[in-house]
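Work through the exercises below with the sequence and the coordinates at hand. Each task is followed by a solution in steps.

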Amino acid sequence: MQSRAWITRSFWTGAVLTFVALLACLIMLVLHAVGDRSGSVGVWGVFLVAIVAWVVNFVALVALLAWRAMQQADSTVDSSSRGS
């Protein structure tokens, strides 16, 4: 299995989603400051979607890391039982 590649992709996805959320928050604040309420609400929606995607990505990353740790533990148990 290529769990290492999926973990790397998940880290990069988290970084991109963090950047998108921060950029959306900045744009939302600027639009709110200049008085564009409808634009601010639209960008708020983009911000919320980015945050929800970030949370889903985080949960998937934790699951991938736990799965990889269990794989390594199983391979360690298998190799030690073969030696005896």
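**Exercise 1. The core**

Which residues make up the largest nonpolar core? State also which helices supply them.

Solution. The model is a predicted one. Step one is to list the members: the largest nonpolar core holds six residues, namely Ala-21, Ala-24, Met-28, Val-43, Phe-47 and Ala-50. Step two is to assign them to helices: helix H1 (3-34) and helix H2 (37-83) each contribute at least two residues to this core. Step three takes one member, Ala-21, and lists its contacts beyond the neighbours within four places in sequence: Phe-47, Ala-50 and Ile-51.

**Exercise 2. The overall shape**

Describe the fold of the protein chain by its secondary structure, its radius of gyration and its spans along the principal axes.

Solution. Begin with the secondary structure, which consists of two helices and zero strands. Next, take the radius of gyration: the protein chain has 20 Å, whereas a compact globule of 84 residues would have one near 12 Å. Then turn to the principal axes, along which the C-alpha trace spans about 75 × 15 × 15 Å. Finally, look at the contacts with a separation of 6 or more: 69% of them are between residues 24 or more positions apart.

**Exercise 3. The surface**

What share of the residues is buried, and which residues form a nonpolar patch on the surface?

Solution. Of the 84 residues in the protein chain, 18% are buried. The accessible surface of the chain is about 6200 Å², and carbon and sulfur atoms account for 74% of that surface. The patch is formed by Val-16, Phe-19, Val-20, Leu-23, Leu-26, Ile-27, Val-30, Val-34 and Val-46, which together have about 790 Å² of accessible area. H1 gives the largest share of this patch, eight residues.

**Exercise 4. Two residues compared with the cut-offs**

Classify Val-34 and Trp-54 as buried, partly exposed or exposed, and list the contacts of Trp-54.

Solution. Val-34 lies in helix H1. Its relative accessible area is 64%, and the cut-off for exposed is over 50%, so Val-34 is exposed. Trp-54 belongs to helix H2. Its relative accessibility is 34%, which falls between the limits of 20% and 50%, so Trp-54 counts as partly exposed. Leaving out residues up to four places away in sequence, Trp-54 touches Gly-14, Leu-17 and Thr-18.

Note on methods: Residues are numbered from 1 along each chain as its sequence is written. This is a predicted model: local features need pLDDT of at least 70, side-chain atom pairs count only at pLDDT 80 or more; totals for chains, interfaces and linings use all residues. Side-chain values use heavy atoms; hydrogens and water are left out. Helices (H or I, at least four residues) and strands (E, at least two) are DSSP runs, numbered from the N terminus. The radius of gyration is taken over C-alpha atoms; the globule rule is 2.2 Å times the number of residues to the power 0.38. Buried means under 20% relative accessible area, exposed over 50%, partly exposed in between (1.4 Å probe, protein chains only). Contact means heavy atoms within 4.5 Å. Accessible areas come from the Shrake-Rupley method with a 1.4 Å probe; for residues, only the protein chains shown count as cover. A nonpolar core is a set of buried Ala, Val, Leu, Ile, Met, Phe, Trp, Tyr and Cys residues joined through side-chain atoms within 4.5 Å. Patches are made of residues with over 30% relative accessible area and no salt bridge: like charges are joined within 9 Å, nonpolar side chains (Val, Leu, Ile, Met, Phe, Trp, Tyr) within 5 Å. A salt bridge is a side-chain nitrogen of Lys or Arg within 4 Å of a carboxyl oxygen of Asp or Glu.
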